[in-house]
Amino acid sequence: MKANRRTFLQSSAGASLAVPGAAGVSGAEKPRLDKAALDRILAEPVLRRDLLPAPVKIDRLELLRNRNQFLVRVRSTDGAESITVPNNSRLLDVYPLYLKRVAPFFIGKDARDLETLLWEVYRYQSNYKFQGLAFWVCVATVEMALLDLMGQITGKPIGDLLGGVRRRDIGVYRASGNRGNKPEEEIAYLKKLVAETGARAVKFRLGARMSRNADSPPGRSEALIPLAREAFGNDMTLYADANSSYDVPNAIRLGRLMEKYNYAMFEEPCEFDDLWAHKQVSDALTMPVGLGEQEFSMRRFQWVIENRAADIIQPDLHYFGGYIRCTQVARMANAAGMPCTLHLSESGFAYLNVLHFASYVADPGPFQEFKGETSIPFTCDTSPLTCKNGIVRCPAGPGFGIQIDPDYIRKFQAVKEV
Ligand SMILES: [Mg+2]
């Protein structure tokens, strides 16, 4: 079974080479990396510190708010400034952690030390006791602000600061968040998403989310799997996401059905923290299994990669603490022959964040998630940031490469206290 699985992954990676934005994975054998080998990759620097000869001392780091929207404004003591869009939907719940435990640590520090600071802020006031999405979203908020600031100073895009831009035309997929509708209704919705973007890959949901095998409604998943292939034909890449719905036998049962219809990813088939279940499912199936959006532990990602508990590694840029940590995961995954395709959390500009990640990572997989365009007013000289024929072009300007409308920013005020 393993040999079949390997062959499938090689051919799928080979096919992805034809897709703009895909790096693909080549080689006759997927290398097996043990913990020591993964630790060596983890120890390699990510940030191109050599691009920044002078210190970038952080003077102010402000969280700005206008009703349910947040922005982050960072200034260096030399007067450089950046304004970025954080993960609004999560910060609404966790911003007190940002204000009390994360932002104050960075004041007075040199942004060029970011990699060391990510470790120090984890130790600061025993912040590691708060580890998980709540803490790492706050760290990602600062990290992305500092990367953009260093982009403004150097004139380099995010990808050049983190290893070098390899591609700017990024292939995207559209995902449906629906459950509870009829299979035919879901197909009609997916067709609408494809028609809007020209995407050549789509993802829909199976099961009922953390549902211990219940479907939404019963029989929907088994009906949708063949129906989507029939509706979109053989040229469409199909993904399905169970959001932790199944135990091992049911995951394998659904996976076999997806294999029959040539699906390219079965995302989070079992409860997300049951790494052992995912390994059983991955070992049993020939199709790729995706995992990682809830993961916040670097060591558990190492375990998943070392033990091949999944085939596609999916950290969330915001939930996992930002670019540097996700790049470290991607480097380890890619060295083991596994694509690292980010999970995309709901947020104002998350798709821009994902484009930059896919611009420099060796193998981000053939398609990145695109949730549609933002409502935040901005200008960008180097990309329309719209999706055409399933492709979105990554900006090339400094940092994130966009300018948020000053009139929009003026409506925001600094959040002073919790
Ligand atoms: Mg998912």
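This is a working chat about a predicted model of one protein chain.

Colleague: What do I need to know about numbering and confidence cut-offs?

Modeller: Residue numbers start from 1 along each chain as its sequence is written. The model is predicted, so local features need pLDDT of at least 70 and side-chain atom pairs count only at pLDDT 80 or more, while totals for chains, interfaces and linings use all residues.

Colleague: How many helices and strands does the protein chain have?

Modeller: The protein chain has 14 helices and 14 strands. These are DSSP runs numbered from the N terminus, with helices being H or I of at least four residues and strands E of at least two.

Colleague: What share of the residues counts as buried?

Modeller: 50% of the 418 residues. Buried means 20 or more other C-beta atoms within 10 Å of the residue's own, exposed means 12 or fewer, and partly exposed is in between, with C-beta atoms placed from the backbone.

Colleague: Changing topic: which domains are assigned?

Modeller: Domain 1 is 2–37 + 161–404, and domain 2 is 49–155 + 406–414. The bounds come from an automatic or database domain assignment. The C-alpha centres of the two domains lie 27 Å apart.

Colleague: How many residues of each are in contact?

Modeller: 23 residues of domain 1 are in contact with 30 residues of domain 2. Contact means C-beta atoms, placed from the backbone, within 7 Å. On the domain 1 side, α12 gives the most, with three residues.

Colleague: Is α12 mostly covered or mostly open?

Modeller: Mostly covered, with eleven of its 13 residues buried. Among them are Tyr323, Arg325, Gln328 and Asn334. The helix runs over residues 323–335 and reaches 18 Å from its first C-alpha to its last, close to the 18 Å expected at 1.5 Å a residue. That expected span is 1.5 Å times one less than the number of residues.

Colleague: What does α4 pack against?

Modeller: The buried residues of α4 pack against α3 (88–106), α5 (133–154) and α12. Those buried residues are Leu114, Leu117, Leu118 and Val121. They are on the same side of α4 because they cover an arc of only 110° around the axis, the arc being that of the directions from the helix axis to the C-beta atoms. Thr116, Trp119 and Arg123 are exposed on the other side.

Colleague: Now the backbone. Where is there a cis peptide bond?

Modeller: From serine 216 to proline 217, with omega near -10°. Proline 217 is in the loop between β5 (201–205) and α8 (220–232). Most peptide bonds are trans, and most residues other than glycine have a negative phi.

Colleague: Which arginine in that loop has a positive phi?

Modeller: Arginine 212, at about 50°. Arginine 212 is exposed, with 12 other C-beta atoms within 10 Å.

Colleague: And what about arginine 67, buried or exposed?

Modeller: Arginine 67 is exposed, with 7 other C-beta atoms within 10 Å. Its phi is near 50°, and it is in the loop between β1 (58–66) and β2 (69–76).

Colleague: What phi does glutamine 125 take?

Modeller: About 50°, just after α4.

Key
Contact = placed C-beta atoms within 7 Å.
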